[in-house]
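Please walk me through this structure, from its sheet to its helix packing.

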Amino acid sequence: MKPKKLVIAGWGPYKGREEIDFTKLEDRGLFLITGATGAGKTTIFDAITYALYGNMSGGMREKNSVRSDFAEADTATFVELVMLHGGKEYRIVRNPEYMRPKKKKGGKNAYTKEKENAVLYLPDGKTVEGSSEVNRKMQEILVLDYRQFKQISMIAQGEFAKLLTASPAEKTKIFREIFSTSVYDDFAGILKNRSGELYKQIMECKNRMDEDIRMLGIDKTGKEDFFEGIMEEENDSGKVSAALEEAEAGYERMLEETRKEYSAYEKELEALAKKINETEQTNMKLEKLEELRKQRAALLERSGEIGSAEKELKNAGRAAALREEYINCKNAGDLLAAIEKRIKTSRKEWETYQKEQKKGEDYYRKREEVKASYEMLASYNEKKKQLEDSGRWLKKKEEELKKLQQRYLDQEKAAEQRKREFETADLSYKRAVVGIAARQVREGEPCPVCGSLEHPRIAEAAKEVPDEEGLQRLQKLYESERVRLMELHGKTAACKGEAESQRKQHQEWEKQAEKLEQEMGRIPEEIQSILHAMTDKEYEKKLNQYRRIQVQAEEKKKQLDKEMEEAAGQEKKKREMEEIFTSGYRNAGFSSKEQYEAALRPAKEMEKKEQQIKEYYAQLQSMETRTASLEEETKGKEKEDIAGLKGRQRETSLRRQQALEQLNEQNHRLQEVKKIKKSLKEKGKKLETLKKRYGIVKDLDNMASGNNARRLVFEQYVMAGYFEEILRAANVRLLKMTGGRYELSRMEEISDGRIKDNLEMQVMDYYTGKYRAVKTLSGGECFKASLALALGMSDVIQSYSGGIRVDTLFIDEGFGALDSESLDQSCQTLMSLVEKDRLIGIISHVPELSEKIEKKIIIMKTNVGSRVEVMVY
């Protein structure tokens, strides 16, 4: 990248637009930027860096604080850079965020925020807009990011001696940032973490194997001695495997012996169970036989009861044959009683209707007169309500009329007042016209009114005379008041007319109400009592009730006559049924109705009793049969005691359970041994694999982390390579600037064995033939070494950045510590860098440099801002 033109506007100390033409400096392109302190020399570097990357060249300056305090309000703040790169021309215009005046003035705040923006004009005519987009495009074009550009193209103030005097730890940080070597440190960290993880896995695997072996010693019965050898040899995998094989075989032998013992107990228990079952069956049959004999004796004792039941069932059967005649006779009597009960109820209801009908006869008879009286009363009440509503309306209207009349009087006074004001002003205006004309009269000249040449007494103009505009305003005020007066007059007249019309209507209604009141006074007293006792709706309800009762009484009388006729017929039918039933029960052998009813039983009861008799004889037959069968089965047998048999059974069952528990325990221990044997085999294979991997990774970890003969970590080894290249490049210039006296080198031996940094530097003094510490150099010598180191680092960084060609180099540092000889040597070194069209700019206050360097950018500082001038001699 080589700049052709730089424009700075409203930026830092620069009040307006300043333009720098770098094409004037291209021939032997070493130039000097000089000027007073604070004039804005470093600002030129800031502007170039900001145009390219949107950031400043130094860390102390911020891009949002660059707006010039000298700039006019309407002066924009921006930078414009035209540059050549790869034989193509690019133009960048970029502005930071700052406050500018609003385009439309107004409001409390006259300023608005101008947002940061950038525009890149490409060689093909296309443009890229937006800060982030331009940043990405510039990095793509230059193949350098902001950090790399600063390191290669700009050596800012305070950067010369940083690397020379930095401690090894500080150099590590610097190189890590410049050459991005943190990846090697990260790689060493990954190795260390991986080594630790593998070691942890190995220890976990060992601990689990030890835990498996220890588990074999839990819950030992004391009868087996297989585990003693295993616990003693738990760290010897071969002996542990052999001991486990022996334990497995021993448990299998014991398991077989215990199985045989358990099988013998099973057979013995089976024989005992059979014997106990046969004995229990015999005892149960003997007990059952004894119980059946007792039950048969109890049944025989009930034979008398069964005989009585059979006789009762026979009589009930004879009575059941006449059940239909009995029921018909009984139903006829019940039906007659029900009819007589209904007759009594109907007669009572009919008498009640008769009484209620008599009470309402007077209301019904006078119904026409009462209805007419109710209508007259309604008309009277309606008329009274109209009078009340009319009275309220008249009162409200009279109050409204009173207010309107008062407003009219007030408005009349206001209109009169406006009229007087207008007439007074009009009169004053007319008089003033004469006075104005008198001002035109001159002695010896004709009067503009009468033409006389003599003017014995000239009229004087009034001091306060209204103008024509004021007179028109007073006239408009008067007209406005007069219009409001006419409006109020119309409203008052209308209100008064409405009140008079309503008053006449009110008087007419009063007469009608008085006439109705007189007519109501002539209503008979008995009708008035009805009017006072109830409303017209209640009276109508009374009439409807009377009509309903009248209809109900007639219907109830018809019902009563019908029921009495029905009762006579039922009485005859009852007598016929009684004659048939009496003949029947006498023929059946019953002497009276009561005897018949005593023998009569419900059908379900008869069925139940018949079932009981059948069950009795069936039970008796069954018991005799079962008794005979059991007597035959138990013939010659007696009850036996089975307690001894069950005692032997319990004892044998307990021994079998003990054998089963022993069998399960031995099987569990056997399976446990097999499981642990398998687990130890698998974990052993895993442990061997982990150990092999750990050995490889641990060796790499030791090598990368500095646990080696040279105590050199991986990142330090890479940095040392970069460092030595920088020193070789720096020594090319340092030997020339010091007349071959000094040469820089990296210290091979570390002074402190506890640290692993290997970036310490020393200087070879060929005058003495000895190495010296760089801190022993004088100020001028230190500057030469620092400049050589900075230029060497720039060369190395350039070579490691994809072979990028740096066409421009800016150095911002004072050369005041150098004597004239050293200054010549430094200038010669810098001049050697400008070959092949390279452009190098130096900021310095040293007068000798101004004499030695012909091309200059001079910054002129004033109290109203700085100016730029390019001078070439």
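What follows takes the sheet, then the helices.

This is a predicted model, in which local features need pLDDT of at least 70, side-chain atom pairs count only at pLDDT 80 or more, and totals for chains, interfaces and linings use all residues. Residues are numbered from 1 along each chain as its sequence is written, and side-chain values use heavy atoms, with hydrogens and water left out.

Start with the open sheet. Its 6 strands run in the order β2-β1-β4-β5-β8-β9, with antiparallel pairing. Strands (E, at least two residues) and helices (H or I, at least four) are DSSP runs, numbered from the N terminus. Two strands pair if DSSP finds at least two bridges between them. At the edges sit β2 (14-21) and β9 (127-129), each pairing on one side only. Neighbouring strands are turned by 10° against each other on average, direction ignored. Angles run from 0 to 180 degrees between N-to-C directions, and axes are lines fitted to C-alpha atoms, for helices over the stretch in contact.

Now look inside the sheet. β4 (residues 78-85) and β5 (residues 88-95) pair in the antiparallel sense over 7 bridges. Glu 80 stands opposite Val 93 in β5. Helix α2 (residues 131-142) lies across β4, β5, β8 (117-121) and β9. It runs at about 40° to β8.

Move on to a helix pair. α9 (residues 303-320) packs with α17 (residues 603-633) at an angle of about 145°, their axes 10 Å apart. In the contact (heavy atoms within 4.5 Å), α9 residues including Ile 306 and Leu 313 meet α17 residues including Ile 613 and Tyr 617.
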